[in-house]
Amino acid sequence: MNITINDDLRSFVDPLTDIEYAALERSLLAEGCRDALVLWHDTLIDGHNRYEICRKHNIEFRTVQNNSFDSLEDVMLWMIDNHLARRSVSDFQRGLLALRKKEIVTARMAQKMADEPPEPAPDDLDSRPPPPWNTREEVAKAARVSSNTISQIERIQKAATPQLVEAVRTGTISINAAANVAQLPQEAQIAAVAGGRKELQQAARQVREQKAATRPRKEKPEAEGGDDVASLRAEKAELKDRLATLLTENERLRQRLVNAGLDAS
């Protein structure tokens with residue numbers, strides 16, 4: 001059977017951790033490949049990890065065809081929606097998928113407008129429906145995260161080194177902290193990642209403190225203790241980063257438990 005792996009489609013599948021991969025491998029070796037792999041013509045669109053393990057151990061598998069798509073972009077949107085619906089996908093990955101969907105939808109609309117003759121402008125311009133996926137809030141809703149988190153993920157996309165992206169993907173650093181570290185020069189990002197979790201947290205804290213120092217200071221009565229307030233705010237922000245990191249780690253461990261012994265794409 002000739003099965004083609006499309007790298008663009010494969011990139012939509014978040015890599016399994018070593019523990020998750022081992023659990024899926026044990027399941028396939030013990031029970032076989034119960035769920036069929038999904039193909040679009042000869043291109044694999046669902047079941048990439050199962051296909052890899054089945055080939056590795058010569059495990060038999062079934063395939064089913066889904067030829068209802070007109071283009072590769074249709075397949076991408078279908079895969080994105082599938083992954084967005086899964087509980088085991090991290091907030092970071094869901095955000096990336098939702099942003100990718102926005103890119104595809106926006107490009108399609110632009111192409112449609114270029115191909116079709118413009119329609120006469122309606123008398124009431126406000127009556128025209130807004131384009132889909134036009135706001136950060138819509139993207140955030142699809143990803144089930146806050147619009148602020150989407151903003152942070154966009155910042156990571158634009159400025160983070162591959163090493164920093166991998167650190168946030170694996171849960172070594174929270175999205176919030178990674179968005180701060182991404183503002184550093186690339187060499188500093190790489191060094192922070194190499195230093196591990198504590199070094200990353202320290203780098204994020206330094207960026208946050210530098211940003212706070214450059215903000216215009218508001219006049220405060222002496223009784224309010226301006227320096228003490230600033231110190232408390234910095235401490236509060238540090239604790240929030242620590243909490244975000246712990247929550248990220250907790251979610252990653254929970255996902256491992258969910259995925260252990262279960263099938264994965």
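Student: How are α4 and α5 oriented relative to each other, roughly antiparallel or roughly parallel?

Tutor: This is a predicted model, so keep that in mind throughout. In it, the axes of α4 and α5 cross at roughly 150 degrees and come within 10 Å. Anything over 145 degrees counts as roughly antiparallel, and therefore α4 and α5 are roughly antiparallel to each other.

Student: And what's the handedness of that crossing?

Tutor: The crossing of α4 past α5 is left-handed.

Student: Which residues meet there?

Tutor: From α4 you have E73, D74, M76, L77, I80, D81, H83 and L84. On the α5 side, they meet R94, L97, A98, R100, K101, I104, V105 and R108.

Student: How does that contact divide into nonpolar, polar and charged?

Tutor: The contact of α4 with α5 has eight nonpolar residues, one polar and seven charged.

Student: OK, another helix pair. At what angle do α2 and α3 pack?

Tutor: About 60 degrees, with the axes of helix α2 (residues 18–31) and helix α3 (residues 48–57) 10 Å apart. That angle makes α2 oblique to α3. The crossing of α2 and α3 is right-handed.

Student: Who makes the contact on each side?

Tutor: α2 brings Y21, L24, E25, L28 and L29, while α3 brings N49, R50, E52, I53, K56 and H57. By type, the residues of the contact of α2 with α3 are five nonpolar, two polar and four charged.

Student: Let's switch to the sheet. What's the strand order?

Tutor: The order is β2-β1-β3, in an open sheet of three strands with mixed pairing. β2 and β3 (63–65) are at the edges with a single partner strand each, so one side of each has no neighbour in the sheet. On average, neighbouring strands of this sheet are turned by 45 degrees against each other, ignoring direction.

Student: Mixed how? Which sense does each pair take, parallel or antiparallel?

Tutor: β1 and β2 pair in the antiparallel sense over three bridges, and β1 and β3 pair in the parallel sense, also over three bridges. As background, strands of a sheet pair through backbone hydrogen bonds in either of those two senses.

Student: Give me some landmarks. Which residue stands opposite W40, and what's the bridge partner of L39?

Tutor: W40 stands opposite T43 in β2. For L39, the bridge partner is Q65 in β3.

Student: How many residues sit between β1 and β2 in the hairpin?

Tutor: Two residues. H41 is in that turn and has a positive phi of about 60 degrees. The loop holding H41 lies between β1 (37–40) and β2 (43–46). H41 is partly exposed, because its relative accessibility is 46%.

Student: Where else is there a residue other than glycine with a positive phi?

Tutor: R144 has one, with phi near 60 degrees. R144 lies in the loop between α6 (136–143) and α7 (147–159). Its relative accessible area is 45%, so R144 counts as partly exposed.

Student: Last topic: Q93. Where is it, and is it buried or exposed?

Tutor: Q93 is in helix α5 (residues 91–115). Q93 counts as buried because its relative accessibility is 8%, and the cut-off for buried is under 20%.

Student: What does Q93 touch?

Tutor: Leaving out residues up to four places away in sequence, Q93 touches S11, F12 and D14.

Student: And V13? How far apart are the C-alpha atoms of V13 and Q93?

Tutor: Those C-alpha atoms are separated by 9.2 Å, with V13 and Q93 80 residues apart along the chain. V13 is in the loop between α1 (7–10) and α2. With a relative accessible area of 5%, V13 is buried.

Notes
Residues numbered from 1 in each chain as written. Predicted model: local features only at pLDDT ≥ 70, side-chain atom pairs only at ≥ 80, totals over all residues. Heavy atoms only, no water. Helix = DSSP H or I, 4+ residues; strand = E, 2+ residues; numbered from the N terminus. Buried < 20%, exposed > 50% of the residue type's maximum accessible area, 1.4 Å probe, protein only. Contact = heavy atoms within 4.5 Å. Axes fitted to C-alpha atoms, helices over the stretch in contact; angles between N-to-C directions. Parallel < 35°, antiparallel > 145°, perpendicular 65-115°, else oblique. Left-handed = near helix turned anticlockwise from the far one by under 90°. Nonpolar A, V, L, I, M, F, W, Y, C, P; charged D, E, K, R; others polar. Pairing = 2+ DSSP bridges.
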